[in-house]
Amino acid sequence: MRPPDEPGPEPVPAAEPRAGYQASLATVLREWGRIGCVGFGGPPAHIALLRKLCVDREHWLDATEFEDAISACNLLPGPASTQLAIFCAWRVRGRLGALVGGAAFIVPGLIVILGLSALFLAGAPPLWVRGIGAGAGAAVAAVAVQAGWNLLRPSWTRWALYLLAGGTAAAVIGPWLVLVLLGCGLTELAVRHPPRRGSRDTPGPRTAPRITPLPLILVPAAAARAAGTARAAGTAVAAGGLAALAWTALKVGALSFGGGFVIIPLMRADAVGHHWMTSSQFLNAVALGQITPGPVVQTVAAVGYAAGGLAGGLLAALIAFSPSFVFVLGGARYFSSLRGNSHAQAFLDGAGPAAIGAILGSAIPLTAALTQPWQYAVLAAAMVLLLGLRRGVVFTLLAAGAAGLIISLAGGPLPH
């Protein structure tokens, strides 16, 4: 494969995008901000909007490069659609464009979810707010099942074992889920590429994979950067619980493969275990992350708000999203090569099924958090809407919230 800085007809980026930026900072701010405002529906919606803008309408990227970027972002830990948005902004306006575009993509949803957190996670919210939260929270487990189901593919042997390992870890040992995901990835890597011991046919420089260490190099760098940010912010705010909050956010942003619902087992044990929120409030937080625009990882801001108010929410978001910027700014030039790297793909083939299993397994503690009989009926109806009638996630959660509102106004029991 040609090095990224060698001239040729293919649009492979070098250390920075091609000379002559393809868009102004004002354009990046406007377009990425627009996607951040209207990007309801999670990663599939974000990818479709970015493809329509960057490939179909403006022709800033060709289809092959865009698909390479999607594959590379899926290989990295953290929110893949956010990393894709940062990469596309880097591609059209360089490093400053990546910072501006990434922030414009993230901030609209962050503002919305912090505002809703103030309403739904208050100490004594109004009855109608509690009803909506109880109804929408009851449907969250169905959303997790749908998310995992849509990612399943027919396979057997090791793939099924990784799926089972991830599901079991999410249901039983949520805080340590990341170790299971890494273990499954490394196991598949070892099976496909066992270490060679002085063999004469050891690959030479031309065939040795140049970018295999990339994810392993970037993860510690992102972790160090985010940990430093967490220490500085924790000192400034001077609250004892923010160190634990910083660690929770770091796990979400720098150590979680699969994004989306994979982060739920990582967050739930900390959010409930540290008494930042009750199980019912955590369900509300997950629902808020689904119905707001932008990345689903915004849920961590709601957890941060419960732990430390507005400062906690901003701190959690800063730490959770910082690794994505580090990953892209440090490794974007390798994205086109990363897609075809057999070692990186082998790792993903192990960690990927475990992540899907974790998404499905997260439905177990989410269901166990329900306390009222009518919430199980709402959950069953949500399953029908999502899996049977193929309704959207936002529509389903709003319908569940409306059901909870009606039940609360009729005098039905609500979670404490």
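Select Ser81 and His46 to begin: their side chains make a polar contact at 3.1 Å. A polar contact is a pair of N or O atoms within 3.5 Å; within protein, one must be able to donate a hydrogen and the other to accept it, and residues adjacent in sequence count only if both atoms are side-chain atoms. Before going on, note that this is a predicted model, where local features need pLDDT of at least 70, side-chain atom pairs count only at pLDDT 80 or more, and totals for chains, interfaces and linings use all residues. Residues are numbered from 1 along each chain as its sequence is written, and side-chain values use heavy atoms, with hydrogens and water left out.

**Stop 1: around Ser81**

How far apart are Ser81 and His46 in sequence and in space? They are 35 residues apart in sequence and 6.3 Å apart in space, C-alpha to C-alpha. Ser81 belongs to helix α4, residues 80-120. (Helices, H or I and at least four residues, and strands, E and at least two, are DSSP runs numbered from the N terminus.)

Is Ser81 buried or exposed? Its relative accessible area is 5%, so Ser81 is buried. Buried means under 20% relative accessible area, exposed over 50%, and partly exposed in between, with a 1.4 Å probe and protein chains only. Now show what Ser81 touches: leaving aside neighbours within four places in sequence, Ser81 is in contact (heavy atoms within 4.5 Å) with Pro43, His46, Leu50 and Phe105.

**Stop 2: helix α1 and a tryptophan pair**

Next, select α1, which has 14 residues and reaches 20 Å from its first C-alpha to its last, close to the 20 Å expected at 1.5 Å a residue. The expected span is 1.5 Å times one less than the number of residues. Its buried residues are Thr27, Val28, Glu31, Trp32, Gly33, Ile35 and Gly36, and what covers them includes α2 and α4.

The structure holds two aromatic pairs. In this one, the ring centres are 6.1 Å apart and the planes are at 20°, so Trp32 and Trp60 are stacked. Trp32 sits in helix α1 (residues 25-38) and Trp60 in the loop between α2 (43-57) and α3 (63-75), so the pair links parts of the chain 28 residues apart. For such pairs, rings of Phe, Tyr and Trp (its six-membered ring) have centres within 6.5 Å; planes under 30 degrees apart count as stacked, over 60 as edge-to-face and the rest as tilted. Both Trp32 and Trp60 are buried.

**Stop 3: the nonpolar core**

Which residues have the most contacts inside the largest nonpolar core? They are Trp32, Leu61, Phe87, Phe261, Phe282 and Leu366, in a core of 109 residues. α4 gives the most to this core, with 16 residues. A nonpolar core is a set of buried Ala, Val, Leu, Ile, Met, Phe, Trp, Tyr and Cys residues joined through side-chain atoms within 4.5 Å. Zoom in on Leu61: beyond four places in sequence, its contacts include Cys54, Phe87 and Arg91.

**Stop 4: two histidines in loops**

Select His59, in the loop between α2 and α3. Its phi is positive, about 60°, although His59 is not a glycine. Most residues other than glycine have a negative phi. His59 is exposed, with a relative accessible area of 59%. Then jump to His275, in the loop between α11 (263-273) and α12. Phi of His275 is also positive, near 60°, and His275 is exposed at 72% relative accessible area.
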